[in-house]
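Thanks for making the time, everyone.

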Amino acid sequence: MPRTLSAPVTVAFDYTRSTGPVLGRFLAGLRDGVVMGGRTSEGKVVVPPPEFDPVTHAALEDFVEVADTGTVTSWTWVPEPVNGQPLDRPFAFALVTLDGADAPLLHALDVDSPADVETGLRVRVRWRAERTGDITDIECFEPLPEGESGSTVQARETVDPVTGIVVPIELDYLYAASPEESLFYTSLSEGKLVGQRCPSCGKVYIPPRSACPADGTPTAEEVELPDTGTVTTFCVVNVPFLGQRITPPYVSAYILLDGADIAFLHLILDIPAEEVRMGMRVKAVWKPREEWGTTIENISHFAPTGEPDADYESYRVHL
């Protein structure tokens, strides 16, 4: 096994927001097959419409339907699309000034190569077949064939306003663990909890650090700790959230392992949430060995040992 470990990590959640009356009207228009702009106090038509006039700061109320054809004013080529971008093949991001508008709209332009796009290119909207009231209802722009007009999408009458949208947010990155963190995770794959001791102050840190946070001294001495400890502080989780694996209520707690000088966060189960308390003695409940990897999730949770609670003075300085 390598000295240092790395793993891909994805952080993702669905961001839900209300649209308000202005963006809601723009998105409702997209759902219904039309593009709506807003006329500012200077007489300029902006797409999407701003919620407030950029000069007077008054709420925008003058809406204008513009064409779904326009002209490329600027563009950049995307040779290697990434997950979540409008197209799964090379394409251009283009600023397109729609006919009837004075400010450009940024969106994808579907062309085969950079040689097929230029400033001044006439384009039209390619509408998505199933539209829901989102900017992706415009699938992309495409070159407007010579002699043709805009798209032939059948606009429909607006029935329900768009009042909210759900936007998936995702961040993918490669996490590279330090040598000290790699020691911790590698030890977990062997069923051990290993920290490091500071040679100056003698404090034991788990997960280990490269240096003592108290005095800056590099840590090198490895210390194997038992899988028993004391609850120092805790939180009862009552609110459900997306991706939650456990049905509330349950407890997340800081656990000070015996022999350690810093607590780490884990779950407390096998006891009603209202009975968890500071000073409660707990022990790790490990998953079956065939499920182990280089992860703290090798420990399913911590559960009460049945021992008497620890005296407050024994963990007071570790809160």
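**Sheet and aromatic pairs**

Strand E11, residues 193-197, pairs with E12 in the antiparallel sense over 2 bridges, where strands are DSSP runs of E of at least two residues, helices are runs of H or I of at least four, both numbered from the N terminus, and two strands pair if DSSP finds at least two bridges between them. This is a predicted model, in which local features need pLDDT of at least 70 and side-chain atom pairs count only at pLDDT 80 or more, while totals for chains, interfaces and linings use all residues. Residues are numbered from 1 along each chain as its sequence is written, and side-chain values use heavy atoms, with hydrogens and water left out.

Within that pairing, Arg-197 has Val-204 of E12 as its bridge partner. The open sheet has 3 strands in the order E12-E11-E13, with antiparallel pairing, and its edge strands, each pairing on one side only, are E12 (204-205) and E13 (221-225).

Turning to the rings, Phe, Tyr and Trp (its six-membered ring) pair if their centres lie within 6.5 Å, with planes under 30 degrees apart counted as stacked, over 60 as edge-to-face and the rest as tilted. By this rule there are 5 aromatic pairs. Among them, Phe-91 and Phe-93 are edge-to-face, because their centres lie 5.0 Å apart and their planes stand at 75°. Phe-91 is buried at 0% relative accessibility, whereas Phe-93 is partly exposed at 24% (buried means under 20% relative accessible area, exposed over 50%, partly exposed in between, with a 1.4 Å probe and protein chains only).
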